[in-house]
Amino acid sequence: MDNIVDRPQASAALVALTVSFEAMFARSRAEPPADCAERLDRLARLRAVVADHEERFRQAISADFGHRSAVETTIAEAMLVFSEIRHATKHLKGWMAPQRVATALQFLPARNRLMPQPLGVVGIIAPWNYPLQLTLAPAIGAIAAGNRIIIKPSDLVPHFSALLKEMVAERFDATELLVTGVEDDVAKGFAHLPFDHLVFTGSTRVGRLVAEAAGRNLTPVTLELGGKSPAIIDASADLDEAAERIAYGKLLNAGQTCIAPDYVLVPESTLQAFAEKVRAAMRRMFGTDPANKDYTSIISDRHYARLEGLVAEAAQRGAKILQPARADDPNWKAHRKFPPTLILGATEDMAVMREEIFGPVLPVLGTHEPADAITFINRRDRPLALYWFGKDGEARDQVLARTVSGGVTINDCLFHFAQTNQPMGGVGASGTGAYHGEWGFRTFSKLKPVFYRSKFNRLADLYPPYGGKIARLEKMMRFMS
């Protein structure tokens, strides 16, 4: 480990982080693993952190965004946290139990077991887009697995981060669960600590840096990244239904969702009609008034300018832009709300088709044959999510079989993420590893194989001096193998 404390340029915050980590690490090695009752107590305390201050968290997140829809914070953040905790609480005892594993015939009457054990200290580098849910969801799995945890929130949500730090400190000892500050040097030093497991949620670019830093300590990482998640409209799809569901999936949190549909592939013959239906659905849901409380602001001026640049470049290169107002309209810009935008005629060389959009901008592209969509997707990095709309089961199964993605929702968007019995994770450039429910428990546990030898088996026949007994045993083992 690079000793951060000994660095001459180390700030007080970075030194404090290192000291806290070392204390937590020492406790994780010196003390017995938390039993079921202690883990349930920690889960209950974590739930109380959110439940007792839910309105304060809503207000803090809204202050960080400029405006965040209160309903979206409740549904997409608080309720999902409560659901995860309830699920873990219900199943924890079963998850913790040693698992029976079959024993090969030649080793009977011995037995095998898989024994779940906590890894030790888990680090979580949290994102800003769903700060409550994406910070605490991996923490729930890590607590269920019996680990101690340090959370580094995003500097883009300082109000939320300060509140979470304060509320966690009220309910948890600093060697159980700790929330750091958001200082820049803390962010840079965090991944260099020798955690037993590290979770990062954010961009692919930063994810590579985190993995590189963690690799110096051989720290295993779970990377929840992003990428360009496609939506495919099959010829058999109900266009009105698909348009409405894609509009919602795209505009939730103003498109600042890692699994939002990034672009749509639709048969060329229905492209214009589909685009108009999406446009109409967006207006029905969010209107055209930037003061609409249901529509969330873009997180920062820098992110707003980035979206402006994507749209402007596409327009300059000949794409058709459909939006209720220009992004530089003072009424929209004053609220830092980006007008819901459709782009028709986008080409592969445009930035909007090369970069993850992460905002309320949706390119709609035409395809000529059903296989074109599969080919288009497979030429790119593996997406975090994929969405397919239609009624043709054979066409659906072709897409499922021939594309690889982190997860899929059929005839809707986003909802595979909310399934606590399913893992959430990416593949390739969209991430590695998974969590949620039992998958989180397993990610943050060491499933230790244990072989219990019986006094009645004949394994001693393997010992020298070799002779006739080994020949007989070899013959028996070959037969059983």
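A charge is taken to sit over a ring if NZ of Lys or CZ of Arg is within 6 Å of the ring centre and within 35 degrees of the ring normal. The legends below describe a predicted model.

**View 1. Charged ends of R68 and R111 over aromatic rings.** The ring of F65 carries the charged end of R68 over it, at 4.9 Å from the ring centre. For R111, the charged end sits over the ring of Y452, and the distance to the ring centre is 4.0 Å.

**View 2. The aromatic pair of Y263 and F376.** The whole structure holds 12 aromatic pairs. In the pair formed by Y263 and F376, the arrangement is edge-to-face, with 5.6 Å centre to centre and 65° between the planes. Because Y263 belongs to strand β9 (residues 263–267) and F376 to helix α14 (residues 370–378), the pair ties together parts that are 113 residues apart in sequence. Y263 counts as buried, with a relative accessibility of 2%. F376 also counts as buried, with a relative accessibility of 10%.

**View 3. An aromatic cluster of four phenylalanines.** F21 and F25 form one aromatic cluster together with F190 and F195.

**View 4. A334 in helix α12.** Helix α12 spans residues 330–334 and includes A334. The relative accessibility of A334 is 66%, and this residue therefore counts as exposed, the cut-off being over 50%. Between A334 and Q398 the C-alpha to C-alpha distance is 46 Å, and the two residues are 64 residues apart in sequence.

Methods. Residues numbered from 1 in each chain as written. Predicted model: local features only at pLDDT ≥ 70, side-chain atom pairs only at ≥ 80, totals over all residues. Heavy atoms only, no water. Helix = DSSP H or I, 4+ residues; strand = E, 2+ residues; numbered from the N terminus. Buried < 20%, exposed > 50% of the residue type's maximum accessible area, 1.4 Å probe, protein only. Phe/Tyr/Trp six-rings, centres within 6.5 Å; stacked < 30°, edge-to-face > 60°.
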